Amino acid sequence: MSKNIIIANWKMNLQPEEVKKLTSNIIKGIANNINESKKILCVPFLYIETAKKLINETKNVFVGAQNCNENKKGAFTGEISCEMLNSMGVKYVIIGHSERREYYYETDEIIEKKIFQLISNKMCPIFCCGETLEARENKSYFDYVDSQIDKSLFRLNSNQISKVIVAYEPIWAIGTGKVPQLKEIEEMHKFIRKKINNKYGKIISQNISILYGGSVNASNAKDIFNLPNVNGGLIGGASLNSNEFLGIVKELK
Ligand code: PEP
């Protein structure tokens, strides 16, 4: 059975005092309402240590990162390696977010390299995929996601793919307040699971977590999380407000 997971993506936001307040409030809320879903706070690199200390041993809560470099080490000024993140206790890293694909020109090939680096450090990639508005409108969205998965995930072997968390994030829904219809979310998640089933078999496809991301909030989370092939969410804007985020968290058992 796929694990239920909620991921917070804080992006490039918050000052140190705000980080302390937000993390403490989230941890307090989660500690009062423990359930089996996994919660991963993907914070800016600079705040990993602070978040980790505040999370302490809270059950089912982990710190994650938002990016890593595709190389093992070397002359890559300003970059952070998987090994460095690993040494700080980070096990989960968002890879292939549409903002990185668009603003930092990350290709499917670079994303694949990052995934292999993470796997070789025994870490878990949170692999983001999802179509543009244009692909949605011209009805090529299945082909779009199909190609992203083929190019970045499908050279992993069965053991390796089992470490991956998939996040389906239609680009046009990220930070826009626009959410696909529930049936559109479900049909894409079902498509992704079937694709994984065809390549890796039933057990792996049933165990992989496929999350939805794009304008999830405390009001729409319940309906989205109740969809049969949705195993949780990747939350951007709403994860910066503890009440809103906790409202989402409580909808995923
Ligand atoms: C995201 O950035 O991955 C995201 C889902 O953002 P938002 O929730 O703000 O749409």
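This is a short tour of the structure, stop by stop, with what to select and what is there.

The model is predicted: local features need pLDDT of at least 70, side-chain atom pairs count only at pLDDT 80 or more, and totals for chains, interfaces and linings use all residues. Residues are numbered from 1 along each chain as its sequence is written, and side-chain values use heavy atoms, with hydrogens and water left out.

**Stop 1: the ligand**

Now show polar contacts. These are pairs of N or O atoms within 3.5 Å; within protein, one must be able to donate a hydrogen and the other to accept it, and residues adjacent in sequence count only if both atoms are side-chain atoms. Pick H97: an N or O atom of its side chain is 2.8 Å from an oxygen atom of the ligand. Pick S215: here a backbone N or O atom lies 2.8 Å from a ligand oxygen. At G237, a polar backbone atom is 2.8 Å from an oxygen atom of the ligand. How much of the ligand does the protein bury? Taken alone the ligand exposes 290 Å², and the protein buries 95% of that. Areas come from the Shrake-Rupley method with a 1.4 Å probe; for residues, only the protein chains shown count as cover.

**Stop 2: Q66**

Go to Q66, in the loop between β3 (61-65) and α3 (82-87). Helices (H or I, at least four residues) and strands (E, at least two) are DSSP runs, numbered from the N terminus. Is Q66 buried or exposed? Q66 counts as buried, at 18% relative accessibility. Buried means under 20% relative accessible area, exposed over 50%, and partly exposed in between (1.4 Å probe, protein chains only).

Follow the side chain of Q66. It reaches the backbone oxygen of K11 at 3.2 Å. A polar atom of that side chain also lies 3.1 Å from the backbone oxygen of C42. Beyond residues up to four places away in sequence, Q66 is in contact (heavy atoms within 4.5 Å) with residues including W10, M12, P44, V93 and R100.

**Stop 3: the cores**

Next, color the nonpolar cores. Each is a set of buried Ala, Val, Leu, Ile, Met, Phe, Trp, Tyr and Cys residues joined through side-chain atoms within 4.5 Å. The largest has 65 residues; V93, F127, L153, V166, I192 and F225 have the most contacts inside it. A second, separate core of 13 residues includes C42, C128, A167 and L234.

Zoom to L153. Leaving aside residues up to four places away in sequence, L153 touches I115, F127, Q148, I161, V164, V166 and Y200.

Then pick I210, in strand β7 (residues 210-213). I210 counts as buried because its relative accessibility is 0%.

**Stop 4: helix α12**

Select residues 242-249, helix α12. Six of its eight residues are buried: S242, F245, L246, G247, I248 and V249. What covers them includes β1, α1 (16-31), β2 (38-42), α11 (221-225) and β8 (232-235). At the start of α12, look for N241: a side-chain oxygen there comes within 3.0 Å of the backbone nitrogen of N243.

**Stop 5: two positive phi angles**

Select N56, in the loop between α2 (48-55) and β3. N56 is not a glycine, yet its phi is positive, about 50°. N56 is exposed, at 57% relative accessibility.

Move to K139, in the loop between α6 (133-137) and α7 (141-152). Its phi is also positive, near 65°, in a residue other than glycine. K139 is exposed, with a relative accessible area of 66%.

**Stop 6: the chain start**

Finish at M1, in the segment before β1 (5-9). M1 is exposed, with a relative accessible area of 87%. Which residues does M1 touch, not counting those up to four places away in sequence? They are Q206 and N207.
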